[in-house]
Amino acid sequence: MPEFSVPFEPAKVEKNTIRKFYNIGGFTALFQFAGSNIFAMLLMIGITAILRAVNPDASTGAVSHYMTKGAIFVAINMLTFLTANVLFAFIGLKWAKIKPSSLIKTRDYHFSDAVTHCLAGLFIWVTAAYISSGIEDIVSQYGFTTDVMDDDYGKTGLGLAIMTIYTCFIAPVTEELFFRGALMKIFSKSNQRFGIVASAVFFGLAHGNLPQFMLAFLIGVFMGHIDMKHNSIIPSVVVHIFINTMVTVMSEFNDNEVVMGLISLGLIIMGIIGFVLLLVFRKGCRFPVSTPAQSRRGIAIAKTSIGIILAFSVQLIYLVLLILTTKK
């Protein structure tokens with residue numbers, strides 16, 4: 001309002017209020033990380049016990065092989081993150097007193113916007129892939145690898161079906177609900193720019209490996225931007241589904257040089273178009289810029305938030321430990 005001005009330095013009571021929301025967001029991210037790991041461990045222990053009870057003569061190695069090479073492991077992965085993302089998203093929203101319905105009140109969003117966002121997101125994905133490859137080359141010189149994911153599981157019809165459903169539909173919806181929905185809303189209470197970047201950082205860390213961190217962080221910033229523009233998580237859900245589906249389709253043709261060649265050509269063409277569309281989008285919709293007063297209400301207060309510090313530190317240490325275990 002004309003007669004009101006925001007003081008450059010927030011008063012103590014305002015700092016405490018802002019810090020409260022940063023703590024809520026940080027602890028929500030920490031609980032989601034810990035909860036998903038604990039839930040997955042309990043499911044693994046429970047299912048392993050059942051399989052050993054049904055097959056008492058089977059060795060531990062045989063049971064483990066059966067779980068990882070079949071549909072059980074991918075089903076556990078799907079159930080774990082479906083439950084954790086949805087549960088803690090609603091817990092965080094309830095804790096911060098944010099109505100879940102506010103996450104889907106989309107404004108000024110059309111089919112042309114969806115196409116623009118998807119192609120721009122594809123360009124960012126390709127760029128992140130090259131950056132990740134460069135980081136892997138550097139890390140490998142010291143005897144490590146950033147690729148800590150085991151892709152050799154779920155190689156059955158049912159396993160592939162579950163993985164496809166989860167990757168292409170369930171993960172995009174539930175991850176956007178948690179990261180762009182709950183976390184970004186909570187972190188954006190006084191600084192939109194901080195909310196977008198902070199939620200993207202946790203989105204990257206949640207993937208547990210450096211290559212996917214680079215992709216998730218960069219695409220997370222972009223998806224936070226489009227969600228902020230349209231006041232809804234719907235745009236990022238659409239982009240997330242598009243990218244995950246593209247990656248899934250590509251992975252099925254890794255051994256076919258002709259098809260991969262055609263796909264690579266298509267990626268180059270769509271990537272160039274996406275780059276142009278990204279420039280057009282950024283020209284028409286600037287990334288949120290913090291005023292001097294808002295900058296004092298972003299990272300300046302966030303770095304004193306116990307919730308954010310704990311959540312960031314725990315997930316970063318976990319990521320580093322995973323890489324250290326790959327020492328050759």
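How many disulfides does a search of the whole structure find? The count is 0. Keep in mind that this is a predicted model.

Let's look at the cysteines. Start with Cys118. Its closest cysteine sulfur belongs to Cys168. The two sulfurs are 13 Å apart, which is too far for a bond. A disulfide would need the sulfur atoms within 2.5 Å. Cys118 is also buried, with a relative accessible area of 9%. Now Cys285. This residue is in no disulfide either, and the nearest cysteine sulfur, that of Cys118, is 16 Å away. Is Cys285 buried or exposed? Cys285 is buried, at a relative accessible area of 14%.

On to salt bridges. How many does the search find across the whole structure? It finds 4. In general, side chains of opposite charge can pair when their charged atoms come close.

Take Arg296 and Glu9. Their side chains meet in a salt bridge, at 3.1 Å from N to O. Where do the partners sit? Arg296 is in the loop between α10 and α11 (299-302), and Glu9 is in the segment before α1. So the pair ties together parts that are 287 residues apart in sequence. Arg296 is partly exposed, with 30% relative accessibility. Glu9 is partly exposed as well, at 35%. There is a further link here. Glu9, Lys15 and Arg296 are joined in a network of salt bridges.

Next, Arg297. Which residue is its salt-bridge partner? The partner is Glu14, and the closest N and O atoms are 2.8 Å apart. Arg297 lies in the loop between α10 and α11, while Glu14 belongs to helix α1, so this pair ties together parts 283 residues apart in sequence. Arg297 is buried, with a relative accessible area of 3%. Glu14 is partly exposed, at 26%.

Another salt bridge joins Arg180 and Glu176. Again, the closest N and O atoms are 2.8 Å apart.

Let's move to the surface. Which residues gather in a patch of positive charge? They are Arg193, Arg282, Lys283 and Arg286. Pick out Arg286. You will find it in the loop between α9 (257-284) and α10 (292-295). Arg286 counts as exposed because its relative accessibility is 63%, and the cut-off for exposed is over 50%.

There is a nonpolar patch on the surface as well. Its members are Ile268, Ile272, Phe275, Val276, Leu279 and Val280. Together they have about 560 Å² of accessible area. Val276 is one to look at. Val276 lies in helix α9. With a relative accessible area of 44%, Val276 is partly exposed.

Now the backbone. Most residues other than glycine have a negative phi. Which way does Lys97 go, positive or negative? Its phi is positive, about 60 degrees, although Lys97 is not a glycine. Lys97 sits in the loop between α3 (72-95) and α4 (111-140). It is exposed, at 78% relative accessibility. Then there is Asp108. Its phi is near 50 degrees, again a positive value in a residue other than glycine. Asp108 also lies in the loop between α3 and α4. Asp108 is exposed, with a relative accessible area of 53%.

Ile308 is in helix α12 (residues 306-324). How far is its C-alpha from that of Thr28, 280 residues away along the chain? The separation is 9.3 Å. Ile308 is buried, with a relative accessible area of 11%.

Ser5 is in the segment before α1 (12-54). At 59% relative accessibility, Ser5 counts as exposed. Cys285, as we saw, is buried.

To recap, the search found 0 disulfides and 4 salt bridges. Among those bridges, the one between Arg296 and Glu9 ties together parts 287 residues apart in sequence.

Key:
Residues numbered from 1 in each chain as written. Predicted model: local features only at pLDDT ≥ 70, side-chain atom pairs only at ≥ 80, totals over all residues. Heavy atoms only, no water. Patch = residues over 30% accessible without salt bridge, like charges linked within 9 Å, V, L, I, M, F, W, Y side chains within 5 Å. Areas by Shrake-Rupley, 256 points an atom, 1.4 Å probe, with all protein chains shown as cover. Lys, Arg positive; Asp, Glu negative; His and termini not counted. Charge placed at Lys NZ, Arg CZ, Asp CG, Glu CD. Helix = DSSP H or I, 4+ residues; strand = E, 2+ residues; numbered from the N terminus. Buried < 20%, exposed > 50% of the residue type's maximum accessible area, 1.4 Å probe, protein only.
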